[in-house]
Amino acid sequence: MKPFNLVLFAPEIPQNTGTIGRLCVSTDTKLHLVKPLGFSLDEKHLKRAGMDYWPHLDLAVYENWEEFLAANPGAVMHFISTKGETSHWDVPYPEGCYMVFGRESSGLPPEFYERYRKRLVLIPMEGKFHRSLNLANAASIVLYEALRQRRCRAAAN
């Protein structure tokens, strides 16, 4: 089992997914893609952003959310969203947990906001003008907080 899992629900921009794939290879994290995808996995922009890391990626692709849930029963999940109220700094990331991100243009599906309300996590943005962060940046921020917590736990033991 990988220490952590990043889940992209219906990603639209191949460069973001390629960059996140590279991040996952570099951190021993599994990447889960839930369709529909806004691009082909053979797309040159995806491979360009992922560079020569892509063949080393631990990748799972699912036809829909129900298939993802069936393949990952009992998964501890955090849903990263601008609609969250709990800061990503204040959430425990246990080993093996899943960090779920929505599509670049619209975030998570509307039904997720009610279904997973208590698991919505926010990355604080203190600038005067902002809507959201770039998907690859957001994934990096949250994953590295999880890695930091893991390192702190290991040092305490």
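**Entry 1. Terms and model**

I take helices to be DSSP runs of H or I with at least four residues, numbered from the N terminus. By that naming, G18 sits in helix α1. I note that the model is predicted.

**Entry 2. G18**

I went through the strands next. In what order do the seven strands lie in the sheet? I read the order as β3-β2-β1-β6-β4-β7-β5, in an open sheet with parallel pairing. At the edges I find β3 (59-62) and β5 (86-87), each of which pairs on one side only. I then checked what packs on the sheet. Helix α1 does, touching β1 (4-9) and β2 (29-34), and its direction makes about 150 degrees with that of β2. Helix α5 also packs on the sheet, where it touches β1, β2, β4 and β6; its direction makes about 160 degrees with that of β1.

**Entry 3. Strand β4**

I looked at β4 (residues 77-80) and its two neighbours. Four bridges join β4 to β6 (residues 98-101), and the two strands run parallel. Within that pairing, M77 has Y98 as its bridge partner, and I80 has F101. On β7 (residues 120-122) I count two bridges to β4, again with the strands running parallel. There F79 stands opposite L120.

Which residues of β4 are buried on each side? I find M77 and F79 buried on one side and H78 and I80 buried on the other, which leaves both faces of the strand covered.

**Entry 4. α1 against α5**

I keep in mind that two packed helices are described by the angle between their axes and the distance between the axes. For α1 and α5 (residues 135-156), I have an angle of about 20 degrees and axes 9 Å apart. The crossing of α1 past α5 is right-handed.

Which residues meet between the two helices? From α1 I list N16, T19, I20, L23 and T27; from α5 I list L135, A136, A139, S140, L143, Y144 and L147.

**Entry 5. T27**

I followed one residue of that contact further. T27 lies in α1, which covers residues 14-27. Its relative accessibility is 9%, and buried means under 20%, so T27 counts as buried. The T27 side chain reaches the backbone oxygen of L23 at 2.9 Å. Leaving aside residues up to four places away in sequence, T27 touches L143, Y144 and L147.

**Entry 6. Backbone checks**

A10 is in the loop between β1 and α1. Its phi is positive, about 55 degrees, although A10 is not a glycine. I mark A10 as buried because its relative accessibility is 0%.

D28 is in the loop between α1 and β2. It also has a positive phi, near 55 degrees, and it is a residue other than glycine. Is D28 buried or partly exposed? I mark D28 as partly exposed, since its relative accessible area is 40%.

Last, I checked P36, which I find in the loop between β2 and α2 (44-50). The peptide bond from K35 to P36 is cis, with omega near 15 degrees.

Conventions: Residues numbered from 1 in each chain as written. Predicted model: local features only at pLDDT ≥ 70, side-chain atom pairs only at ≥ 80, totals over all residues. Heavy atoms only, no water. Buried < 20%, exposed > 50% of the residue type's maximum accessible area, 1.4 Å probe, protein only. Pairing = 2+ DSSP bridges. Polar contact = N/O pair within 3.5 Å; in protein donor to acceptor, adjacent residues only side chain to side chain. Contact = heavy atoms within 4.5 Å. Axes fitted to C-alpha atoms, helices over the stretch in contact; angles between N-to-C directions. Left-handed = near helix turned anticlockwise from the far one by under 90°.
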